[in-house]
Amino acid sequence: MKILALILLLAGLAVLGGAVWFRTVPDDPAVWHVDPLTATKPATPNAALVRPEGGDRVAPVYVLTPEALAEAFDAMALAQPRTLRIAGTPGDLFMTYVQRSALWGFPDYISVRILPEEGGASWAAFSRSRYGHSDLGVNARRLTAWQAALEARLARPAS
């Protein structure tokens with residue numbers, strides 16, 4: 001019984017240590033602030049790309065200036081749970097965010113570039129997991145959810 005209790009204690013400490021590690025691992029902007037227009041999607045199924053060409057899908061064009069879309073996108077992203085901006089600003093039209101999973105705090109990185117388009121602006125994004133082989137579709141669903149949240153934000157009347 002004592003050996004089983006020791007094994008369970010060590011396993012519990014390992015789980016706790018892992019949880020602390022994933023929540024506190026540094027986010028290096030030099031590594032994660034990647035232009036989604038030139039990013040190479042990994043061979044592993046743990047990333048998603050939205051861009052005009054060569055992505056998983058294309059974002060719509062909004063009847064806004066690129067600066068206004070960048071501000072709206074940044075506000076929407078920062079309103080998402082467990083999300084911080086780690087590089088860039090709306091003024092740069094290029095930002096990178098980290099969003100951590102609820103249970104373990106696994107970091108996913110989302111780089112966004114706002115693009116001027118005929119009649120308005122659009123966006124490109126590269127969302128990818130830092131750890132793991134597969135994200136079970138989390139990054140693709142995130143970009144879809146962020147687009148819906150952006151559209152909801154843009155549909156609200158200004159106060």
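Student: How many residues does helix α3 have, and how far does it reach?
Tutor: Helix α3 covers residues 66–78, which is 13 residues. From first C-alpha to last, α3 reaches 18 Å. That is close to the 18 Å expected at 1.5 Å a residue. Keep in mind that this is a predicted model.

Student: Which residues of α3 are buried?
Tutor: P66, L69, A70, A72, F73, D74, M76 and A77 are buried.

Student: And what covers them?
Tutor: The cover includes strands β2 (83–89), β3 (94–100) and β4 (107–117). It also includes β5 and helix α4.

Student: Let's zoom out. How many helices and strands are there in the protein?
Tutor: There are 4 helices and 5 strands.

Student: What pattern do they follow along the sequence?
Tutor: The pattern is α-α-β-α-β-β-β-β-α.

Student: Now strand β1. Where is it, and are its faces covered or open?
Tutor: β1 runs over residues 47–50, and both of its faces are covered. A47 and L49 are buried on one side. A48 and V50 are buried on the other.

Student: Which strand does β1 pair with, and in what sense?
Tutor: β1 pairs with β5, residues 120–129, in the antiparallel sense. The pairing has 4 bridges.

Student: What is the bridge partner of V50 in β5?
Tutor: A125 is the partner of V50 there.

Student: New topic: Q147. Where is it found?
Tutor: Q147 is in helix α4, which spans residues 138–155.

Student: Does Q147 count as buried or exposed, and why?
Tutor: Q147 counts as buried because its relative accessibility is 14%. The cut-off for buried is under 20%.

Student: What does Q147 touch?
Tutor: Leaving out residues up to four places away in sequence, Q147 touches R57, A59, P60, Y62 and W123.

Student: Back to the whole protein. What share of the residues is buried?
Tutor: Buried residues make up 40% of the 159.

Student: What about contacts between residues at least 6 apart in sequence?
Tutor: Of those contacts, 58% join residues at least 24 apart.

Student: What box do the C-alpha atoms fill?
Tutor: The box is roughly 70 × 40 × 25 Å, taken along the principal axes.

Student: And what does the accessible surface come to?
Tutor: The surface is about 8,800 Å². Carbon and sulfur atoms account for 66% of that.

Student: Last one: how many positive and negative charges are there?
Tutor: There are 15 positive and 14 negative charges. Their mean positions are 12 Å apart.

Conventions
Residues numbered from 1 in each chain as written. Predicted model: local features only at pLDDT ≥ 70, side-chain atom pairs only at ≥ 80, totals over all residues. Heavy atoms only, no water. Helix = DSSP H or I, 4+ residues; strand = E, 2+ residues; numbered from the N terminus. Buried < 20%, exposed > 50% of the residue type's maximum accessible area, 1.4 Å probe, protein only. Contact = heavy atoms within 4.5 Å. Areas by Shrake-Rupley, 256 points an atom, 1.4 Å probe, with all protein chains shown as cover. Lys, Arg positive; Asp, Glu negative; His and termini not counted. Charge placed at Lys NZ, Arg CZ, Asp CG, Glu CD. Pairing = 2+ DSSP bridges. Expected span 1.5 Å × (residues − 1).
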